[in-house]
Amino acid sequence: MSRALLLTGLVLVPAAISLADVFSYECDSLPVDAGWSLLQVYCDPIEWVADGWLHQHTEICPGTEWGQQFDYGRDLAEFQGAPHFFIEWRMYSDGLATGLDFGSPAVLAAGGIGPALYHFVLARDQIRFVRDNPISLVIYPEILPGVPHIYRLEIQGGSWYTFYVDREVISEGVPAGPYPFPGHDPAINIRAKTYDVANTVWWDYIRYGDIPADGSGDYDTSGTVDAADFYFFAEYFSGPGVDAGPGARWADFDADTDVDCADWMAFQAVWTDPVDDPPVFSPCIGFGSPIPTVSQWGVGVMALLITTCATLVFFRRRLDGLGDPATRHARAG
Ligand SMILES: [Ca+2]
Ligand SMILES: [Ca+2]
Ligand SMILES: [Ca+2]
């Protein structure tokens with residue numbers, strides 16, 4: 001079972017019992033196989049999955065002036081009223097910025113019928129961010145072309161929002177209203193579309209849900225720390241002194257911005273799975289282990305024996321030398 005389907009299944013558990021409050025589409029299956037609804041497809045665009053990435057290719061529909069298009073959506077019913085909500089996605093495109101005002105080449109939108117709206121159009125080297133309904137903000141930040149970027153939106157009810165690109169704050173402030181708000185039919189839509197020039201959009205993941213508590217180790221706010229959380233811990237691991245970004249605060253136990261082997265020790269300490277132990281995490285093998293392994297004991301004992309033997313031989317020779325008159329004479333002379 002793919003991770004998207006696994007976490008989706010947990011999200012859909014009735015609210016009366018513990019929930020995993022994150023939806024995670026890791027792009028290792030087609031959108032319709034991961035719970036997205038196909039809202040619109042125009043003129044046979046193509047999409048495929050390879051190595052954990054969703055590829056969507058669109059071009060001008062032959063014989064027309066219109067571009068091919070995919071549109072998918074998911075409603076946010078299970079997240080309505082969430083006080084701390086995030087959306088994080090990683091992707092890039094080779095589509096031109098000339099289509100930004102026309103919803104091309106790629107869109108991710110969090111909207112509904114309420115006043116809160118977060119609408120992103122993402123091109124090769126520039127994005128368009130529109131906020132609120134009616135619109136209160138339109139900005140066009142530039143991005144580095146040719147490499148994937150991590151986009152992250154954090155919404156604190158109706159009091160504050162922050163939009164990051166690769167850990168950098170691009171926009172923040174007070175929104176027009178809370179989101180996802182009950183009764184406003186909140187939903188997330190994604191799109192790939194050609195406006196004027198054929199292009200390809202690559203998606204690595206799309207994740208959204210409750211913002212996990214800082215230093216909890218519980219990425220999906222399920223109340224347990226287990227293999228589902230480890231998947232994300234391994235991904236957000238940054239190494240000592242490297243800021244792991246706003247999406248990784250739940251894994252940064254010592255609150256120094258990195259996710260390193262000290263955090264890995266803390267993550268293991270809060271592990272709750274009664275059946276399966278934490279997996280071996282290769283970047284931190286041997287880190288901070290208070291009990292030497294068998295091989296380390298063997299090396300230590302051998303080193304101690306060699307040192308002891310060498311010391312005894314030295315003293316023996318020294319005593320032998322002091323007992324020899326010729327030696328004493330030579331030393332005195
Ligand atoms: Ca992926
Ligand atoms: Ca968890
Ligand atoms: Ca840390």
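**Stop one: a strand pair**

Select alanine 109 and look across to histidine 119 in strand 8, its bridge partner. Before going on, note that this is a predicted model, where local features need pLDDT of at least 70, side-chain atom pairs count only at pLDDT 80 or more, and totals for chains, interfaces and linings use all residues. Residues are numbered from 1 along each chain as its sequence is written, while chains are lettered from A and ligands numbered from 1 in the order in which they are written.

Now widen the selection to 106–111 and 118–122: strands 7 and 8 pair antiparallel over five bridges. (Strands are DSSP runs of E, at least two residues, numbered from the N terminus; two of them pair if DSSP finds at least two bridges between them.)

Show the seven strands in the order 2-5-14-7-8-9-10, an open sheet with antiparallel pairing. Strand 2 (37–42) and strand 10 (137–139) each have a single partner strand, so one side of each has no neighbour in the sheet.

**Stop three: a hairpin**

Pick 160–165, strand 12, which is joined antiparallel to strand 13 by five bridges. Tyrosine 164 faces valine 169 here. Two residues separate the strands of this hairpin, and aspartate 166 in the turn has a positive phi of about 50°. How many buried residues does strand 13 (168–173) have? The count is zero among its six residues (buried takes 20 or more other C-beta atoms within 10 Å of a residue's own, with C-beta atoms placed from the backbone).

**Last stop: isoleucine 87**

Finally, click isoleucine 87, which touches Ala110, Leu153, Ile188 and Tyr208, leaving out residues up to four places away in sequence (contact means C-beta atoms, placed from the backbone, within 7 Å).

Key: Helix = DSSP H or I, 4+ residues; strand = E, 2+ residues; numbered from the N terminus. Buried ≥ 20, exposed ≤ 12 C-beta atoms within 10 Å, placed from the backbone. Contact = placed C-beta atoms within 7 Å.
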